[in-house]
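Hi everyone, thanks for coming along. Let's walk through one structure together, one step at a time.

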Amino acid sequence: MITEALIVSAILFVIGVIGVLTRRNAIILFMCAELMLNAVNLSFIAFAKLHNVTGQVFVIMAMSIAAAEAAVGLAIIIAVFRHFGTVDLANLRTLRG
């Protein structure tokens, strides 16, 4: 059970890293970052189950930080889209006012 959870966690993390490195859309970039955070949360739970530790506290903390990051990140993406008309990071070289 724990081995399978860690394998799934590793696969999710690799998919997130590939998405961050290859995509230029800001929304997809945030989705891949959230996917990597969820992979880490899954591995926290697996290791907590293995060592009989309370890893759930770390997962709840990481999920709350990820939710706050997603809210702020989406607000920034909406502001950038309203100003520039695109969320493609290749077109947004400078963010100076």
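Of the 97 residues of the chain, 22% count as buried, where buried means under 20% relative accessible area, exposed over 50% and partly exposed in between, with a 1.4 Å probe and protein chains only. Please keep in mind that this is a predicted model, in which local features need pLDDT of at least 70, side-chain atom pairs count only at pLDDT 80 or more, and totals for chains, interfaces and linings use all residues. Residues are numbered from 1 along each chain as its sequence is written, and side-chain values use heavy atoms, leaving out hydrogens and water.

What does the secondary structure come to? The chain has three helices and zero strands, both being DSSP runs numbered from the N terminus (helices H or I, at least four residues; strands E, at least two). The radius of gyration, taken over C-alpha atoms, is 16 Å, well over the 13 Å from the globule rule for 97 residues, so the chain is more spread out than a compact globule. That rule is 2.2 Å times the number of residues to the power 0.38. Along its principal axes, the C-alpha trace spans about 50 × 25 × 15 Å.

Now for a helix pair. Helix H1, residues 2-22, packs against helix H2, residues 26-51, at an angle of about 160°, with the axes 8 Å apart. Axes here are lines fitted to C-alpha atoms over the stretch in contact, and angles run from 0 to 180 degrees between N-to-C directions.
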